[in-house]
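Please open the structure in your viewer and keep the selection panel at hand.

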Amino acid sequence: MSLERFLNQAVSSWMSSEGPDSDIVLSSRIRLARNIQDYKFPTLATNEEAAAIIQTMEEMVQRSDFQKLVPFELLKMNELQPLQKRVLVEKHLISPHLAEDSAHGACLLSANEEISIMLNEEDHIRIQCLFPGLQLVEALKLANQIDDVLEQHVVYAFDEKHGYLTSCPTNVGTGLRASVMMHLPGLVLTHQMNRIVPAINQLGLVVRGIYGEGSEALGNIFQISNQITLGKSEEDIVSDLFSVVSQLISQERAAREALVKTSNIQLEDRVFRSLGILSHSRIIESKEAARCLSDVRLGIDMGYIKDISKNILNELMILTQPGFLQQYAGGALRPNERDIRRATLIRERIRLEK
């Protein structure tokens with residue numbers, strides 16, 4: 001598969017498919033951090049050592065046992081244009097860190113974009129699996145399959161006491177980051193999120209925005225992930241996160257039911273006003289677009305809107321980001337031009353449903 005197809009195939013499988021509890025859980029992600037023994041970690045590696053890691057992995061994915069899992073294509077960051085890297089970040093296929101400090105970085109991508117293996121990010125290898133809906137166990141199973149194949153051919157940096165060794169101490173142990181992306185408009189509209197977030201933090205989990213650490217929770221989309229990787233098994237980490245997410249799903253559904261009982265006409269009015277804005281605006285900023293998309297998705301889930309796919313939120317939250325808008329336009333855009341293109345793209349996407 002060519003790079004052009006990766007960038008133009010805007011809708012990844014996690015966006016277009018439905019999984020368990022997909023009315024609230026947009027996606028589940030598992031990421032495993034690994035380093036190869038006897039090589040300096042990426043933060044201290046020489047150009048030659050970084051290149052050797054990429055070459056080792058490039059040869060690895062050509063092996064028959066790896067090919068049986070899924071074919072991969074290698075993308076070297078120093079061969080990509082800034083806009084191309086930005087699009088990959090917006091699709092959650094690589095991290096902002098890899099895109100920004102990418103002289104020696106690379107990424108192995110599966111054709112369906114379900115699997116992304118980042119090379120020379122903070123660690124030599126970061127295996128990422130993205131699934132639609134609440135499928136943490138399934139994503140972990142796939143990540144472990146890839147990890148097992150890799151471990152047959154390379155020796156990981158591992159300590160009997162501390163587990164897998166990583167550049168950042170917070171990843172030492174299992175090297176596992178499990179996260180779910182959730183749409184929680186009911187809890188936001190009923191003013192419960194300010195109480196819930198501190199409670200989640202006390203459980204060893206963290207709540208972030210759509211693009212992880214330091215990002216804003218645009219469109220009422222939140223990422224819930226584990227903070228602890230040492231002293232717990234992978235299964236326990238995933239089980240604990242699954243339990244909290246299940247409780248959040250129940251609370252979100254209860255909040256939506258409460259809104260219908262106490263403010264049904266106001267909620268319906270909010271939903272259709274937002275649909276009107278998205279359907280007819282000629283210029284729209286990213287925050288307003290995210291808010292309106294969240295309202296429309298809520299309206300679809302609540303049955304107010306029946307002729308638009310529920311995946312519209314997943315798709316347009318990605319497609320309306322700056323990188324995709326500029327790809328859509330065929331070149332660089334000023335902020336005001338992006339706002340115009342964003343409105344055009346949203347109108348065209350909604351029109352496809354009619």
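Begin by selecting Glu121, which sits in the loop that links strand E4 (115–119) to strand E5 (125–132). The model is predicted.

Is Glu121 buried or exposed? Glu121 has a relative accessibility of 6% and therefore counts as buried, the cut-off being under 20%.

The side chain of Glu121 forms a polar contact with that of Ser95, at 2.4 Å. Then show the surroundings of Glu121: leaving aside residues up to four places away in sequence, Glu121 touches Pro42, Ser95, His97, Leu98 and Arg126.

Move on to helix H7, residues 136–151. This helix comprises 16 residues and spans 22 Å from its first C-alpha to its last, close to the 22 Å expected at 1.5 Å a residue. Colour its buried positions, which include Leu136, Ala139, Leu140, Ala143, Ile146, Asp147 and Leu150. In an α-helix, residues three or four places apart point the same way, because there are 3.6 residues a turn.

Now select His162, located in the loop between strand E6 (158–159) and strand E7 (163–164). With a relative accessible area of 36%, His162 is partly exposed, since that class lies between the 20% and 50% limits. Which residues does His162 touch, not counting those up to four places away in sequence? They are Val172, Gly173 and Leu230.

Finally, select Leu325 together with His162 and draw a C-alpha to C-alpha distance. The two residues are 44 Å apart in space and 163 residues apart in sequence.

How values were computed. Residues are numbered from 1 along each chain as its sequence is written. This is a predicted model: local features need pLDDT of at least 70, side-chain atom pairs count only at pLDDT 80 or more; totals for chains, interfaces and linings use all residues. Side-chain values use heavy atoms; hydrogens and water are left out. Helices (H or I, at least four residues) and strands (E, at least two) are DSSP runs, numbered from the N terminus. Buried means under 20% relative accessible area, exposed over 50%, partly exposed in between (1.4 Å probe, protein chains only). Contact means heavy atoms within 4.5 Å. A polar contact is a pair of N or O atoms within 3.5 Å; within protein, one must be able to donate a hydrogen and the other to accept it, and residues adjacent in sequence count only if both atoms are side-chain atoms. The expected span of a helix is 1.5 Å times one less than its number of residues.
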